[in-house]
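Hi there,

I am passing a structure on to you, with some notes to read beside it. Please open it first and then follow along.

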Amino acid sequence: QGSSPLLFLAFSSSLKPSYKSIKMDAPVKLAIVMKVIGRTGSRGQVTQVRVKFLDDQNRLIMRNVKGPVREGDILTLMESEREARRLR
């Protein structure tokens, strides 16, 4: 009750990323959405959330997410050092 199913995707190493800035050999970080803060962006298309990393339970950061998101969702972060600015 209240738990959402987890979905894990496996990618072949032969797939090439369409964005030059993303390094496929860099490890991804998994983070769980703890709290949905609010909507931001010029048209409200981005949701600001607080996430907790699965490998480091003491670390909480703010991130901006495009697309549908709710508490309990697992995010795959290609980059984990950057933190979103607070909503105004």
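Strands here are DSSP runs of E with at least two residues, numbered from the N terminus, and two strands pair if DSSP finds at least two bridges between them. To find one of these spots yourself, look for Lys52, whose bridge partner in strand 3 is Leu60.

A word on the model: it is predicted, so local features need pLDDT of at least 70 and side-chain atom pairs count only at pLDDT 80 or more, while totals for chains, interfaces and linings use all residues. Residues are numbered from 1 along each chain as its sequence is written, and side-chain values use heavy atoms, leaving out hydrogens and water.

Now the wider picture. The protein chain has zero helices and four strands, giving the pattern β-β-β-β along the sequence. The four strands form an open sheet in the order 3-2-1-4, with antiparallel pairing. Which strands are at the edges? They are strand 3 (60-66) and strand 4 (74-77), each of which pairs on one side only. As background, strands of a sheet pair through backbone hydrogen bonds, either parallel or antiparallel.

How much of the chain is buried? Of its 88 residues, 24% count as buried, meaning under 20% relative accessible area (1.4 Å probe, protein chains only). Finally, among contacts (heavy atoms within 4.5 Å) between residues at least 6 apart in sequence, 41% join residues at least 24 apart.

Enjoy exploring!

Methods: Buried < 20%, exposed > 50% of the residue type's maximum accessible area, 1.4 Å probe, protein only.
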